[in-house]
Amino acid sequence: MTRRMTRRELLRVGGLGSMVAFLAACQPKVVEKVVEKEVTKIVKEVVKETIIVEGTPQVVEKEVTRIIEVTKAPEAIAAPPAAVEGNVVVMHFRHELTEDEENQFEADNPGITIEFVAADLTRFFAMCAAGTPPDLLRCQAPSIPQFLARKMLYDLTPYFEISDVLSLDDLAPANSYYRGYSPVAIGDGPIYGMCKDWSPDFTLFAYKPAFEEAGLDVPDDTTPLTYQEVFELARQLAVFEGERVVMWGYGYGDWWVDRIWMNVLGELDQSLYADSFTRIDLTGNEHAQAVTKYYFDLASENLVANPLNPSPSWNGEDFTKGTLALLQFGYWYSASAESDITAGQVVMLPAPTWAGVRRDPTMTATGMVMAAASKVPDATWKVFEWYNGLEPAIARAGGGWGVPALKSMYDLMPSETEYQQQVQRVLQEEFKYAKVTLQFNPFLGETTTADVWAKNLELGLRGDITFDELLANVETEVNTAILEGVDRIA
Amino acid sequence: MSTVQSPARRPSIRRRLSSRSWRRTVAFYTFIAPWLIGFVLLTVLPLVLGFLTSLTNYDGLNLANIKFVGLRNYTRAFADIDTRFSLGRTLTWSALNMPIWMILAFILALLLNRDVKGQGVFRTLYYLPSVIPVVATVWVWKIFLDRNYGLLNAIISLFRPGTAIPWLSTHALLGLTAIAVWSGLGWGMVVFLAGLQGIPDELVQAARIDGANSWQVFRHVTIPLMTPVIFFVLVNGLISSFQQLVLPLLLAPTGMNVPPPRSSYLYMIHTYRQIFVYQRFGYGTALLWLLFIVIMIVTLLVFRTERYWVYSEAAVGEEGR
């Protein structure tokens, strides 16, 4: 038998219902929140350019995206929806990610904080050991195979595919170092990071007065020298006063000498490493012997700074002091090549060749990667995207310290002075030869090979060992290090 | 009727806890707790972890698949030519640096122990190099000793034009010694000076009354009474010289991981490079433990010789009996 509702129960239900209706009616209107914010507007245009296909006489039209205007102005915009949040730990150099930039990003992206950690190898190891590696890590191309082998990197491909700021098609060739199907196949495939800027690293800088002093003409900046010609020039340009070197004939990044060897051997379709990078092959490869002998001879004739006759500082400073005639560094050096002494006296030359095949890739591709262990990948991507595609990237592009990582920013490189225009002319040509990717060894540290070479070079220069013994020592020590790396990683 | 003595009763726990000796024990450990905790956490624990690391193939990044290798890192050190070479260089460096530094510091202390005008100024000036940051010191000396543009070779070139002695490469150990002696003189001088000022004047005056000349006073009064200080400086100096790292590292040619020249390739340089260039954390920590053992042996040997040449009043008292 059903029970009838009492009057009190009816009043109770009715009261509740009215209250609900009343409360619902009293809800504030949902007004779309509007905020005023400084918005960066980048205006790009797509133009058609006529280009010559590399290696053929074929002329084609290609669509190229260019930045034509960058503005920043306050604008009233709808408040963004529930934003990505998180504390992003970034391990970097302070002068490459300033406090002002950090503060600006945090102001523009409430909810995301950047925790800056000065780049330091010891601290990085400690953070990894603690299971809390930095979300974003500044690194260079040679580290990528090692990190990939240890599964330390976050696959950023999905982020790139939906990004409005960073497009895979807009990436400069140097970014291929951050792509790889495997640690031994770098260049294509999933992308794990990108470079902050880059340079074709094998170009030359000539100090004109040194050539005048030697009675030589500065080489033509449209025709590459051969390495053998560079050696001869170095001999003629070097100036000695008794045992003293007054003018170094040549200079190069000796701490990256193995990368130079890799590029030179690449001209001959040879590799420094064999058997899937499980061993270095110097004594069994006549081309590797010839290339390493070249650098040994440069040192033994005191044409370059060497372990027995080191530079007081580094060869970049020797050049700006007017005590080095011909220096092999990339475009990045153009920003500092002109000093009070060398101003107006510097010419950039194309990368030399060993066997007539032009190759001028970057050998560093300094950039950043995201840790696979990142707990805030979305927030980390926001920082990554901003650093590599927005204000910091635009500022870097105009600084002249490197070629922008995005092709659409190429036009932002400085070209006001005659020197900068000359550099740009050479650089534009070198771009054609910058598409190759050096394959670094995933089982070795970044500087192991160069370090072992330098140690044995001193013994060889002093005559304690012969050149053949030097090569054998380098091979043995590097192979030992490779085996250890295989053991640790595999 | 004999009375049976009841056995002595142990005080109750409450009485024991409130006893004076217990309170003193608690107070003792409370006062040393901060140091003890720091010692355990910052010294003992890292030592233990370091030893455990030396038994593995840890490279800074492979914690997930680290392998226990037993004593392989230790046996490797004995077979490694570079390890033996660097240890030899370190012994050579110690044998070169220590006597020069100690003798010069002692002479300076003797000179500054005299009552001369401006004594305070000279003491300050000689101590200044010890307080200059080591990076600044090395940079200045590098400019001075550079082969091609250095001041020293420029001065020598006045007499022998075109001189370019490689002070920072082939003769790097000499360059290193010059820098170490120059920057360390101040500390040694201060310690020796404190020792000299602790020598009672009455002994010197008594010797003079007995007809001793200055050399005899120095030989038979000053030196014996200074032997404890010399011993202290010797032991500390030996330990420091075996652990020398910063000077040769900064003196090396600038550049990413450019190795220091063989001449100044000391043991700690070799260890540093094993860890930070080759990422051989396990091997590097094994090298550090071996160095610890070497330093212990050397120090014990020096202590063993103490009774033959270090003057102590306790020993003299025993002889007098």
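In what order do the five strands of the open sheet in chain A lie? The order is E4-E3-E5-E18-E8, and the pairing is mixed. Residues are numbered from 1 along each chain as its sequence is written, while chains are lettered from A and ligands numbered from 1 in the order in which they are written.

Start with confidence. The model scores ipTM 0.84 and pTM 0.84. Chain B has a mean pLDDT of 90 (pLDDT is the predictor's confidence in each residue, from 0 to 100), and 91% of its residues reach 70 or more. Within chain B, confidence is highest in helix H3 (residues 72–79), at 96, and lowest in helix H14 (residues 313–320), at a mean of 58. Where pLDDT is low, the predicted coordinates should not be read in detail.

Now take chain A as a whole. Chain A has 16 helices and 19 strands. These are DSSP runs numbered from the N terminus: helices are H or I runs of at least four residues, and strands are E runs of at least two. Of the 490 residues in chain A, 44% are buried. A residue is buried if 20 or more other C-beta atoms lie within 10 Å of its own, exposed if 12 or fewer, and partly exposed in between, with C-beta atoms placed from the backbone. Among contacts in chain A between residues at least 6 apart in sequence, 74% join residues at least 24 apart. Two residues are in contact if their C-beta atoms, placed from the backbone, lie within 7 Å.

Strands of a sheet pair through backbone hydrogen bonds, either parallel or antiparallel. Here, two strands count as paired if DSSP finds at least two bridges between them. The edge strands are E4 (112–118) and E8 (193–195) of chain A, and each pairs on one side only. From one strand to the next, the twist averages 20 degrees. Inside the sheet, strand E3 (residues 86–92) and strand E5 (residues 136–139) of chain A pair in the parallel sense over two bridges. A:Val90 has A:Leu136 in E5(A) as its bridge partner. Helix H12 (residues 377–389) of chain A packs on this sheet, touching E3, E4, E5, E8 and strand E18 (367–370). The direction of H12 makes about 50 degrees with that of E3(A). Axes are lines fitted to C-alpha atoms, for helices over the stretch in contact, and angles run from 0 to 180 degrees between N-to-C directions.

Look at one residue in strand E5 of chain A: A:Leu137. Is A:Leu137 buried or exposed? A:Leu137 is buried, because 25 other C-beta atoms lie within 10 Å. Leaving aside neighbours within four places in sequence, A:Leu137 is in contact with A:Met91, A:Met368, A:Val369 and A:Ala371.

A second open sheet in chain A has four strands, in the order E13-E16-E10-E17, with mixed pairing. Its edge strands are E13 (251–252) and E17 (346–349), each pairing on one side only. Four bridges join E10 (residues 204–207) to E17(A), and the two run antiparallel. A:Leu204 has A:Leu349 in E17(A) as its bridge partner.

Elsewhere in chain A, a hairpin joins E6(A) to E7(A) through two residues. Strands E6 (residues 179–182) and E7 (residues 185–191) run antiparallel, joined by three bridges.

Next, the domains. The assignment for chain A gives domain 1 (80–198 + 363–433) and domain 2 (204–357 + 443–489); such bounds come from an automatic or database domain assignment. Their centres, taken over C-alpha atoms, are 29 Å apart. In chain A, 19 residues of domain 1 are in contact with 19 residues of domain 2. Helices H4 (143–149) and H14 (418–430) of chain A each supply at least two residues of the domain 1 side. H14(A) gives the most to that side, with seven residues.

Finally, the two chains meet. The contact takes 33 residues from chain B and 31 residues from chain A.

Key
Predicted model: local features only at pLDDT ≥ 70, side-chain atom pairs only at ≥ 80, totals over all residues.
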